[in-house]
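Reader: I'm new to this one. Can you walk me through it?
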Amino acid sequence: MKRKRYTEEQIIGALKEHEAGAVVADICRRVGITQATFYRWKSKFGGMEVNEAKRMRELEEENRKLKHLLAEAMLDNSALKEVLAKKW
C-alpha cells in the first residue's frame, strides 16, 4: 500500500465539507482515504484553520528533533559516566 501525504489544505477542506453536511463515506471515497483516517484527522485537526494546522505540524517536527537531540545527549552523558566510573 502506497502511503500518501496530504496537505493541511486537503485535510481541513475535507473536514469543512463534513461540517457543511457532506456524508463521510462520500468524502473518503473522493479523497481516497478510509473512514478511520477521516476520524483520526477530525480528532487531530477538527476546528482548526489551515495556518493553525501548518503551525502544529511545524511544532511537531521541531519537538521530534529536540527529543532526538536530548536522547543523544543523554546517551553521551551515560557513556561518559561509565568511562569515569572505571578504575584505571
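Author: Here is a short tour, helix by helix. This is a predicted model: local features need pLDDT of at least 70, side-chain atom pairs count only at pLDDT 80 or more, and totals for chains, interfaces and linings use all residues. Residues are numbered from 1 along each chain as its sequence is written, and side-chain values use heavy atoms, with hydrogens and water left out.

Reader: How do α2 and α3 cross?
Author: Helix α2 covers residues 24–31 and helix α3 covers residues 35–45; their axes come within 9 Å and cross at roughly 105 degrees. Therefore α2 and α3 are roughly perpendicular to each other (65 to 115 degrees). Axes here are lines fitted to C-alpha atoms, for helices over the stretch in contact, with angles from 0 to 180 degrees between N-to-C directions. Helices are DSSP runs (H or I, at least four residues), numbered from the N terminus.

Reader: Which residues of α2 and α3 make the contact?
Author: From α2, Val24, Ala25, Ile27, Cys28 and Val31. From α3, Gln35, Phe38, Tyr39 and Trp41. Contact means heavy atoms within 4.5 Å.

Reader: Switching topic. Which residues of α3 are buried?
Author: Thr37, Phe38, Trp41 and Phe45. Buried means under 20% relative accessible area, exposed over 50%, partly exposed in between (1.4 Å probe, protein chains only).

Reader: Where do the buried residues sit, seen down the axis of α3?
Author: They fall within an arc of 100 degrees, so they line one face of the helix. The arc is that of the directions from the helix axis to the C-beta atoms. These buried residues pack against α1, α2 and α4.

Reader: And what does the face turned away from the buried side carry?
Author: The exposed residues Ala36 and Ser43. After α3 comes Gly47, with a positive phi near 85 degrees.

Reader: How many residues has the largest nonpolar core?
Author: It has 16 residues, and Val31, Ile33, Phe38, Trp41 and Phe45 have the most contacts inside it. Such a core is a set of buried Ala, Val, Leu, Ile, Met, Phe, Trp, Tyr and Cys residues joined through side-chain atoms within 4.5 Å.

Reader: Now Glu8: buried or exposed?
Author: Glu8 counts as buried, at 12% relative accessibility. Glu8 is in helix α1. Leaving out residues up to four places away in sequence, Glu8 touches Val50, Ala53, Lys54 and Arg57.

Reader: Last one. Where is Leu66?
Author: Leu66 is in helix α4. Leu66 is partly exposed, with a relative accessible area of 48%.

Notes
Helices (H or I, at least four residues) and strands (E, at least two) are DSSP runs, numbered from the N terminus. Angles under 35 degrees count as roughly parallel, over 145 as roughly antiparallel, 65 to 115 as roughly perpendicular and the rest as oblique.
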